[in-house]
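Please open the structure in a viewer and keep the selection tool at hand.

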Amino acid sequence: MGVPFEALLPYAIMLSMFGITGAGLSKIRHMQNGGKRARHSIDQWDRQMMDRDRRLTGYLRGQTDKVTAPLGFELNNPWRTEKRFF
Amino acid sequence: MSARQPRFNQTVLLDTTPLPDSIPKVPEIGASSAPLLSASFFIGARCGAYNDDYMKCKTEAFGKGEVECMKEGRKVTRCAASVLDDINTNCLEEFRKHWQCLDNNNQQLWHCRRPEQLLNACVFDKLKLEKKIPGAPEDETPVHLRNRQIFSHNVSSFREPE
């Protein structure tokens, strides 16, 4: 008696659907993060450091290991403001 | 009416006036988050005294220490820049591997123990700086020197002897 593979075909189809969508989502997140795994569980410290990375390199996930910052770095930290209406 | 809490999400204001000339100019550190995390224990090993001074100054100023503590802050920046400079000239390859591994792993140190061992060995050889975790209990092996590991992305189950 062989394995009844026709009965297992729907399971194979479902598994491959899950697999393809999971792999596709992972690939999209990979590309969105500049070729690295996405960051998770980010707290305020991590957000502040990622903002500093963006000010240093121009990309949210960009990294450099230079010793001194590029010119203008010490002046490009913005004051966040809101518009008042009166 | 000033009773409403301000919401700071609409515009930004960039103030480009530089600091006055009476304050000595120190270049800011150019390393971003992953290299800084990777070098942080070595910065702590060399610059512990200056960092403690700065933190003491800020704590004692009760929130008003931005201008008063600038002198200690300049010392902190210069010392950290010197550590980064030394690591860049001596151990650049291992340093890059370690912080690239960290960047790929949510900046969690426990995924990247193998490159970290190589970096620690190189830095100890060339710069005599050793990574110590402050506040760790003395009677257990520190976390970065343990042999077995489970659950990480790069499971190093047996550490190779150095």
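What covers the buried residues of helix 2 of chain A? Bear in mind that this is a predicted model. Select residues 44-57 of chain A, which form helix 2. The cover includes strand 2 (79-81) of chain A, and from chain B it includes strand 2 (29-31) and helix 1 (33-61). The buried residues of the helix are Asp46(A), Met49(A), Met50(A), Asp51(A), Arg52(A), Asp53(A), Arg55(A) and Leu56(A).

Now select residues 7-26 of chain A. An unreviewed UniProt entry annotates these residues as "transmembrane region". In the model the span is 100% helix and 0% strand, with its end C-alpha atoms 30 Å apart.

Move to chain B for the largest nonpolar core, which has 22 residues. Select Phe42(B), Val83(B), Leu84(B), Ile87(B), Phe95(B) and Val123(B), the members that touch the most others. Strand 2, helix 1, helix 3 (70-90), helix 4 (92-104) and helix 5 (113-127) of chain B each contribute at least two residues to this core. Helix 3 of chain B gives the largest share, six residues.

Which residues does Ile87(B) touch, leaving aside those up to four places away in sequence? They are Ala39(B), Phe42(B), Leu92(B), Phe95(B) and Leu127(B).

Finally, select Phe41(B) and Lys131(B). The lysine, Lys131(B), lies over the face of Phe41(B), 4.2 Å from the ring centre.

Notes: Residues numbered from 1 in each chain as written. Chains lettered and ligands numbered in written order. Predicted model: local features only at pLDDT ≥ 70, side-chain atom pairs only at ≥ 80, totals over all residues. Heavy atoms only, no water. Helix = DSSP H or I, 4+ residues; strand = E, 2+ residues; numbered from the N terminus. Expected span 1.5 Å × (residues − 1). Buried < 20%, exposed > 50% of the residue type's maximum accessible area, 1.4 Å probe, protein only. Contact = heavy atoms within 4.5 Å. Lys NZ or Arg CZ within 6 Å of the ring centre and 35° of its normal. UniProt positions renumbered as here; feature names shortened; annotations may be inferred. Core = buried A, V, L, I, M, F, W, Y, C linked by side-chain atoms within 4.5 Å.
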